[in-house]
Amino acid sequence: SLNIQTGYKDKAFGAQSFYTPKFPEQFEKTGTLFSSASFTKNIKGLSLSPSVYVRNHTDRFELFRYDSPNWYNGHNYHKTWVWGGKLQLSSINRLGRTRVGTEIRNESIYSNVLGNPLSSPKHIRGFTDTSYTHGASRRTFSIYGDHTFYLNRLIISTGGLIANNNQFGTNWNIGIDASFRLLKRTNIVASFNNAIRYPTFTDLYYSGPTNQGNPNLTPEKAENYEIGIKHKGTRLRANVSLFHRKGTDVIDWVKNPGDEQWVTMNHTMLYTTGIECFTQLYTKGIIPIINHISAGYHYMQSDKSSDNLLSYYALDYLKHKATAGLNHSVWKKMSVSWSVTYQSRAGTYTSYPSQIERSYAPFMLINMRAKWNNNKINAYVDVHNLANKAYIDIGNIPQPQRWISLGVSFLMQ
């Protein structure tokens with residue numbers, strides 16, 4: 001089977017407070033072209049799956065949309081190319097399922113602010129007064145493999161990946177997942193994996209009035225552990241899981257209290273532990289007009305070592321999140337879903353223009369969706385934040401209050 005896809009997206013939007021709320025009239029225009037091709041060929045019990053892809057992205061970022069101060073050097077222009085290819089072999093055999101593969105990925109950027117100075121400027125299409133003066137590129141080559149064992153009630157999947165990056169050297173990842181069928185519809189699950197995250201070009205090179213990148217960053221590393229129990233019945237679905245994450249060399253934008261500029265650093269070791277639970281009960285035919293009800297809760301606690309630095313991202317985590325949902329019939333093919341969400345976030349944010357450091361305030365949101373469906377036509381009305389609550393979720397960006405959207409979809413046969 002052969003799979004080919006391509007797409008283009010052009011978007012212009014207000015980017016209020018993206019880097020800092022000190023300058024709220026930020027604006028961004030992007031264009032993205034993406035194409036990929038893949039096919040699968042079965043040869044004597046082996047499944048061969050090669051694929052290739054390419055992505056071109058242009059970005060114009062304006063710190064000031066209208067009037068700008070004298071010190072402003074102009075807008076930021078970026079163009080990135082990402083291309084790669086992958087070859088995977090897989091087979092089903094008496095020992096289970098085996099997959100091996102290799103991948104190459106190249107990322108490059110041309111910019112007037114990100115990267116290292118170019119030997120000669122490059123023209124920016126559509127603009128005569130500025131050029132790309134900086135650039136950077138990196139290439140990653142990886143080899144991976146995994147195997148899944150099916151042992152009656154026990155399923156074990158294990159695998160590993162070795163990746164060599166010309167900028168960050170060789171790194172490896174391993175993972176193992178296990179599932180044991182305790183009862184007919186109830187499984188105990190456990191997993192372990194480690195992962196890395198390379199710094200972005202913005203993390204490495206960005207320089208602005210309130211943000212400064214760091215070209216000496218190293219990859220962020222994490223180890224993840226999880227154990228839980230899952231039940232998937234006809235009427236009742238439920239799961240409870242415990243998780244723990246150990247992050248080292250965590251990349252974040254940080255600053256000392258009172259400083260003007262955020263800088264990127266591998267500044268902290270972050271231990272995160274939490275619990276997550278969810279249950280859904282299908283009551284159609286049992287309780288009049290009620291189709292299903294659900295409830296969930298998420299708790300997380302982080303122990304961090306940050307040298308009293310203020311954090312822009314990593315240390316502002318969602319500590320409590322509780323949800324409840326209800327779906328009920330209204331008339332014939334019309335139904336309504338209600339959801340209530342409560343959130344409490346740890347950490348602080350800097351409010352502007354006072355520049356006072358404030359703790360996040362907990363908030364509760366009520367959402368509603370009314371839907372009409374006759375199998376071929378699906379129409380809906382969504383009302384997000386029904387109570388018109390003013391709130392801040394993360395960072396210092398005021399979130400939309402009541403938000404109404406309508407939609408319709410058609411199934412052509």
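I count Ala, Val, Leu, Ile, Met, Phe, Trp, Tyr, Cys and Pro as nonpolar, Asp, Glu, Lys and Arg as charged, and the others, Gly among them, as polar. I need that for the cavity entries below. I also note at the start that this is a predicted model.

**Entry 1: the whole chain**

I began with the elements. The protein chain has 24 strands and 1 helix. I then looked up its extent. The C-alpha trace spans about 70 × 60 × 55 Å along its principal axes. Of the 413 residues in the chain, 35% are buried. I also checked how far contacts reach along the sequence. Taking contacts between residues at least 6 apart, I find that 55% join residues at least 24 apart.

**Entry 2: the largest cavity**

How many cavities of 30 Å³ or more does the structure hold? I find 2. The largest cavity has about 80 Å³ of space. I listed its lining: Trp262, Ser311, Tyr312, Asp316, Thr348, Tyr349, Thr350, Glu357, Tyr360, Gly395 and Asn396. Which strand gives the most to this lining? I find strand S20, residues 348-351, with 3 residues. I sorted the lining by class. It divides into 4 nonpolar, 5 polar and 2 charged residues. Asp316 and Glu357 are both in the lining, and Asp and Glu count as charged.

**Entry 3: the second largest cavity**

I turned to the second largest cavity, with about 30 Å³ of space. Its lining consists of Tyr19, Thr20, Phe23, Leu63, Tyr206, Gly208, Pro209, Thr210 and Asn211.

Next I followed strand S10, residues 169-183. I looked at its pairing with S9, residues 154-165. The two strands run antiparallel and share 12 bridges. A hairpin of 3 residues joins S9 to S10. What stands opposite isoleucine 162? I find tryptophan 172, in S10.

I then looked at S11, residues 186-197. S10 pairs with S11 as well, again in the antiparallel sense, over 8 bridges. Here the hairpin runs through 2 residues.

**Entry 4: asparagine 173**

Is asparagine 173 buried or exposed? Its relative accessibility is 17%, so I count it as buried, the cut-off being under 20%. I looked for what the side chain reaches. It comes to 3.3 Å from the backbone oxygen of asparagine 194. I listed the contacts of asparagine 173, leaving aside neighbours within four places in sequence. They are Gly159, Gly160, Leu161, Asn194, Ala195 and Ile196. I placed these on the strands. Gly159, Gly160 and Leu161 fall within S9, residues 154-165. Asn194, Ala195 and Ile196 fall within S11, residues 186-197.

**Entry 5: lysine 44**

I wanted an entry away from those strands. Where does lysine 44 lie? I find it in the loop between strand S3 (41-43) and strand S4 (46-62). Lysine 44 has a relative accessible area of 86%, so I count it as exposed. The cut-off for exposed is over 50%. I also took a distance from lysine 44 to tyrosine 391. From C-alpha to C-alpha, they are 59 Å apart in space. In sequence, lysine 44 and tyrosine 391 are 347 residues apart.

Terms used:
Residues are numbered from 1 along each chain as its sequence is written. Side-chain values use heavy atoms; hydrogens and water are left out. Two strands pair if DSSP finds at least two bridges between them. Helices (H or I, at least four residues) and strands (E, at least two) are DSSP runs, numbered from the N terminus. Buried means under 20% relative accessible area, exposed over 50%, partly exposed in between (1.4 Å probe, protein chains only). A polar contact is a pair of N or O atoms within 3.5 Å; within protein, one must be able to donate a hydrogen and the other to accept it, and residues adjacent in sequence count only if both atoms are side-chain atoms. Contact means heavy atoms within 4.5 Å. On a 1 Å grid over the protein atoms alone, a cavity is a set of points where a 1.4 Å probe fits but cannot get out, and a pocket is an open set with protein on both sides within 12 Å along at least five of seven lines; lining residues have an atom within 4 Å of a point. Grid points are joined across faces, edges and corners, and a volume is the space filled by probe spheres set on the points.
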